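I'll start once the structure is up.

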Amino acid sequence: MSKIWLNVFALLSVLFFANASGNDARQPKQNASEAPTGTLQKMIVENASVTMQLDLNGLNGSSSLVARPVTLHFAAAPNSFFSILVFNDLLRRLQPGSMALALQNSSPAGVDIPGYSNLPAALRSSLKRLTVEKLPSGQGFDLAVRDSNTGFTFFNIEGHQYNYDAAAQSFTITGGRLLISRQFASTLGILSEAGSLAGTISIGAAMQPIQIDQLVRGETKAMVMPPMQHAVGPGVPNLVPGPDVIVGDVEDVAQFNAPVGTQVGLAIGTDSCNNGDQPVDWFQLPQTDHPVVPQNLYRMSGGANNDTRFEQIGQSWMKHTFFALEDFVCGNCNTSGCQTGSHLCPGCSDPYTSGLNGDQDSIGSRAWVNPFTGSFPSTANNHSGHSHNGVSHRILVETSDLIPAQNTGASYFGEAAYISPHEFTWCQSHPTQCNMFNNYSYRRFSVSGGPTFFNFPSVGSTVRMQPAIQAWAATSATVSQIEPDPGNDGIWLMGYKITSPSAGIWHYEYALFNMNLDRGIQSFSVPLNAGVNISNIGFHAPPQHPGWAHDGTLGDAGYSSAPWSVTQATDSITWNTETFAQNQNANAIRWGTLYNFRFDADQPPHAANATVGFFKTGSPIMVAIQAPAGGTPTPTPTPTATATATATATPTATPTATATPTATATPTATPRPTPSPRSSPAPGPRPTPPPRP
């Protein structure tokens with residue numbers, strides 16, 4: 001109990017002292033009118049019912065298609081410290097804690113439960129002392145089922161959804177899948193089944209508040225309990241100048257609901273970190289000065305080492321953040337002079353579980369945001385006029401891209417980013433403190449299960465401040481960054497890898513990743529030697545989301561998923577989609593997406609220049625690659641590539657011409673300074689981002 005109350009007091013102390021102390025001289029005075037006003041409640045479980053449906057076949061390592069279910073009903077111990085935070089009646093997060101379970105509707109021995117005697121002995125002996133625990137960040141799973149006495153983990157829980165009803169003060173967890181823990185699988189003698197599906201769990205709870213804070217413009221005016229008095233610690237060392245939000249931890253990848261057609265919907269849990277010495281603005285909609293969180297999934301596969309190609313197989317819409325929690329995942333958190341809730345303070349972290357990042361009602365279309373400036377309209381998260389199914393707005397992935405038997409030896413990478421308008425506006429007034437190019441982080445995962453529900457065990461730790469394509473670079477692929485219009489637009493990355501699958505044949509694999517380039521990419525042309533024979537020409541792109549009402553695309557039609565056209569000439573091969581003038585919803589390489597282009601050739605690689613044409617604005621450019629072309633030719637841009645060129649280089653704050661004037665946040669017309677590269681890495685074992693050209 002002492003640990004739980006220490007967490008309570010810590011939260012109170014952070015809120016109190018962050019607002020009671022004077023402003024740090026290094027930090028700007030925040031606009032109090034924009035700070036959060038409302039009610040923050042910490043609530044615990046007053047009473048709850050828990051239902052587990054277990055599959056005896058899964059628990060015994062049997063592959064029988066005939067399910068042998070056992071249904072167990074539990075009641076939660078009264079006043080369990082399984083707590084949630086609710087701000088203005090909206091669920092903000094679960095806090096680490098536990099809920100003890102009491103087996104219901106059975107004799108003391110439990111033998112009257114159908115199927116009880118067939119349960120594994122280790123589980124039978126612990127049925128009277130099971131607990132559901134909310135795990136701390138970084139554990140790989142959000143929830144687990146354990147023995148309350150020994151701490152033995154029976155099941156990890158994945159794929160669940162959280163729902164809070166403010167009027168009824170009720171909290172539910174639905175759709176949870178019980179995965180056999182490695183510890184339990186070892187005890188059962190089926191270690192290979194660790195992570196496999198063993199059943200489902202659902203929880204319905206009545207909640208009661210144990211702490212209520214009234215915030216007025218970021219200041220705590222009243223609370224149920226007085227704050228603990230303690231001194232605020234010193235400033236956090238080794239932080240970079242300015243606000244700098246990064247993904248400090250990619251926690252997990254989780255599936256939600258059964259497939260819809262051939263697709264599943266996934267989400268990634270993230271912990272943001274403020275790697276800068278200034279607070280990051282974190283205001284809630286309808287205010288637009290807060291980060292948004294896109295999520296992506298990639299697969300590396302092919303060839304003898306399963307690293308020939310690196311493909312994006314899924315992308316989500318973007319999560320809108322609100323009410324920053326000042327946690328300690330990133331190290332020392334300094335709230336001195338920082339308005340908590342409306343800002344992520346220097347050195348502090350803010351968790352978003354996969355359940356929150358997959359909450360469909362708080363995910364807005366990517367089409368609304370300019371990824372370089374971070375600007376988007378207040379209407380960027382409007383869900384009126386459409387209904388969701390199980391995959392809507394989440395990371396859309398084809399089941400065929402996940403089924404282990406169809407992707408033998410493949411590696412998977414979950415990637416997320418925090419795109420912050422505050423970083424851009426700060427860069428305008430502090431040109432040596434531009435932190436918009438280190439927002440992406442990734443983590444490797446494997447895939448098991450399927451074809452209905454997939455599990456994603458993590459492999460290794462989070463690689464901070466690098467996009468996932470850098471994992472391909474670690475396999476001897478070449479990856480370089482290109483900034484076509486410094487100070488006015490973002491960057492994209494060119495990746496390629498040449499292999500020789502058989503004598504006299506070379507495979508050419510190219511990957512173009514648009515990190516935060518608002519203009520997008522419309523064409524890609526590779527030079528060829530005279531007489532070269534090419535075959536197995538290919539193109540790959542992640543699936544686009546269907547059109548939705550208020551999704552920011554022209555006519556709410558969504559972006560096209562049409563494959564790019566390919567044209568082979570005597571001296572080049574060119575892929576292209578429609579121009580912006582032809583179709584504003586064309587399948588261009590927009591921000592946060594990676595497209596692949598490939599072929600086999602009967603001539604070896606040489607240094608060459610590819611031609612890349614842009615979608616919305618800007619003239620085509622040359623980029624260094626290897627190709628079956630001798631020397632370093634300068635190909636003439638194709639008519640398709642030049643069709644997109646315009647004289648304008650000013651960034652547009654809206655992704656298409658369809659956004660209304662009231663929905664734009666156009667940056668100032670003053671000359672934009674060139675963002676500078678990171679002068680030093682963040683604290684801890686974080687890899688240094690590759691230098692920008």
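Predicted model: local features only at pLDDT ≥ 70, side-chain atom pairs only at ≥ 80, totals over all residues.

I started at a strand pairing: valine 566 sits opposite tryptophan 575 in β33. Strands here are DSSP runs of E with at least two residues, while helices are runs of H or I with at least four, and both are numbered from the N terminus. Residues are numbered from 1 along each chain as its sequence is written, and side-chain values use heavy atoms, leaving out hydrogens and water.

**Entry: β33 and its partners**

I looked up what pairs with β33, taking two strands as paired if DSSP finds at least two bridges between them. Strand β32 (residues 565-568) pairs with β33 in the antiparallel sense over 4 bridges, and a hairpin of 3 residues joins β32 to β33. I also found β30 running antiparallel to β33, with 5 bridges joining them. There, proline 527 stands opposite serine 572.

Is β33 enclosed or open? I called a residue buried under 20% relative accessible area, exposed over 50% and partly exposed in between, with a 1.4 Å probe and protein chains only. 5 of the 5 residues of β33 are buried, so the strand is largely enclosed by the rest of the structure. Both faces are covered: I noted Ser572, Thr574 and Asn576 on one side, and Ile573 and Trp575 on the other.

**Entry: rings around tryptophan 575**

My ring rule: rings of Phe, Tyr and Trp (its six-membered ring) pair if their centres lie within 6.5 Å, with planes under 30 degrees apart called stacked, over 60 edge-to-face and the rest tilted. The count by this rule is 28 aromatic pairs. I picked phenylalanine 524 and tryptophan 575, whose ring centres are 6.1 Å apart with planes at 25°, so they are stacked. Phenylalanine 524 lies in strand β30 (residues 521-527) and tryptophan 575 in strand β33 (residues 572-576), so I logged a link between distant parts of the chain, 51 residues apart.

Next I checked tryptophan 575 with phenylalanine 599: centres 6.4 Å apart and planes at 15°, so this pair is stacked. Phenylalanine 599 belongs to strand β34 (residues 593-601), 24 residues from tryptophan 575. Tryptophan 575 is buried at 1% relative accessibility, and phenylalanine 599 is buried at 0%. I then found one aromatic cluster whose members include Phe524, Trp575 and Phe599.

**Entry: arginines over rings**

I searched for charges over rings, meaning NZ of Lys or CZ of Arg within 6 Å of the ring centre and within 35 degrees of the ring normal. Arginine 590 lies over the face of tyrosine 559, 3.5 Å from the ring centre. Arginine 92 is over tyrosine 352, at 4.1 Å.

**Entry: disulfides**

How many disulfides does a search of the whole structure find? I got 4, counting pairs of cysteine sulfur atoms within 2.5 Å. One of them joins cysteine 273 to cysteine 330, S to S 1.5 Å. The torsion about its S-S bond is about -80°, so I logged it as left-handed. Cysteine 338 and cysteine 345 have their sulfur atoms 2.1 Å apart, and -90° about the S-S bond makes that link left-handed. Cysteine 427 and cysteine 434 are joined at 1.9 Å, with a right-handed link at 75°.
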